[in-house]
Amino acid sequence: MRRFIQQFCDQESVHQIFRINDKILRTNRNGNLYLQCDLSDRTGRLPARLWNATESNTRGYDNGDYVYVEGTTQIFQGSMQLIATKITKADMTKVDEE
């Protein structure tokens, strides 16, 4: 069942499609890469992180694309975010743009 960003609670498992924005591949203080981005749907935006990312596994999608995301929500410094374990370009036959 589809849940919208405004409905998410802390420590909720997520497996669904969002639009990705503000995609940036960054380096943490240990020198490892991670993906920082925003996910959005019709109810809002949600900051997301994909730890231990690589250039090759983040190359398949760009800002504005629909992506399939697996991960868990969490409260960080008083705001909701999503820690992703997998982000891949979505199959467009499964996207409902409404």
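Asp22 has a relative accessible area of 43%, so it is partly exposed. On that scale, buried means under 20% relative accessible area, exposed means over 50%, and partly exposed is in between, with a 1.4 Å probe and protein chains only. Asp22 lies in strand β1, and its phi is positive, about 55°, although it is not a glycine. Most residues other than glycine have a negative phi.

Before I go on, a note on the model. It is a predicted one, where local features need pLDDT of at least 70 and side-chain atom pairs count only at pLDDT 80 or more, while totals for chains, interfaces and linings use all residues. Residues are numbered from 1 along each chain as its sequence is written, and side-chain values use heavy atoms, with hydrogens and water left out.

A second residue of this kind is Gln77, with a positive phi of about 50° although it is not a glycine. Gln77 sits in the loop between β4 (66–76) and β5 (79–89). With 72% relative accessibility, Gln77 counts as exposed.

Now the chain as a whole. How many helices and strands does the protein chain have? There are one helix and five strands, in the order β-β-β-α-β-β along the sequence. Helices (H or I, at least four residues) and strands (E, at least two) are DSSP runs, numbered from the N terminus. For 98 residues, a compact globule would have a radius of gyration near 13 Å, and the protein chain agrees, at 13 Å. That radius is taken over C-alpha atoms, and the globule rule is 2.2 Å times the number of residues to the power 0.38. Of the 98 residues, 40% are buried.

Next, the aromatic rings. A pair of rings is described by the distance of the centres and the angle of the planes. Rings of Phe, Tyr and Trp (its six-membered ring) pair if their centres lie within 6.5 Å; planes under 30 degrees apart count as stacked, over 60 as edge-to-face and the rest as tilted. Searching the whole structure gives two aromatic pairs. Phe8 and Phe18 are edge-to-face, at 6.3 Å centre to centre with 70° between the planes. Phe8 is in the segment before β1 (13–27) and Phe18 is in strand β1, so this pair ties together parts that are 10 residues apart in sequence. Phe8 and Phe18 are both buried.

The rings of Tyr34 and Trp51 have centres 4.9 Å apart and planes at 45°, so that pair is tilted. It links distant parts of the chain, with Tyr34 in strand β2 (residues 33–41) and Trp51 in strand β3 (residues 44–51), 17 residues apart. Tyr34 counts as buried at 12% relative accessibility, whereas Trp51, at 41%, is partly exposed.

The charged end of Arg2 sits over the ring of Phe18, 5.3 Å from its centre. Lys23 lies over the face of Tyr61, 4.7 Å from the ring centre. The test is that NZ of Lys or CZ of Arg is within 6 Å of the ring centre and within 35 degrees of the ring normal.

Last, Ala53. Is Ala53 buried or exposed? At 6% relative accessibility, Ala53 counts as buried. Its place is in the loop between β3 and α1 (55–58). Apart from neighbours within four places in sequence, Ala53 is in contact (heavy atoms within 4.5 Å) with Leu25, Leu33, Tyr34, Leu35 and Thr58.
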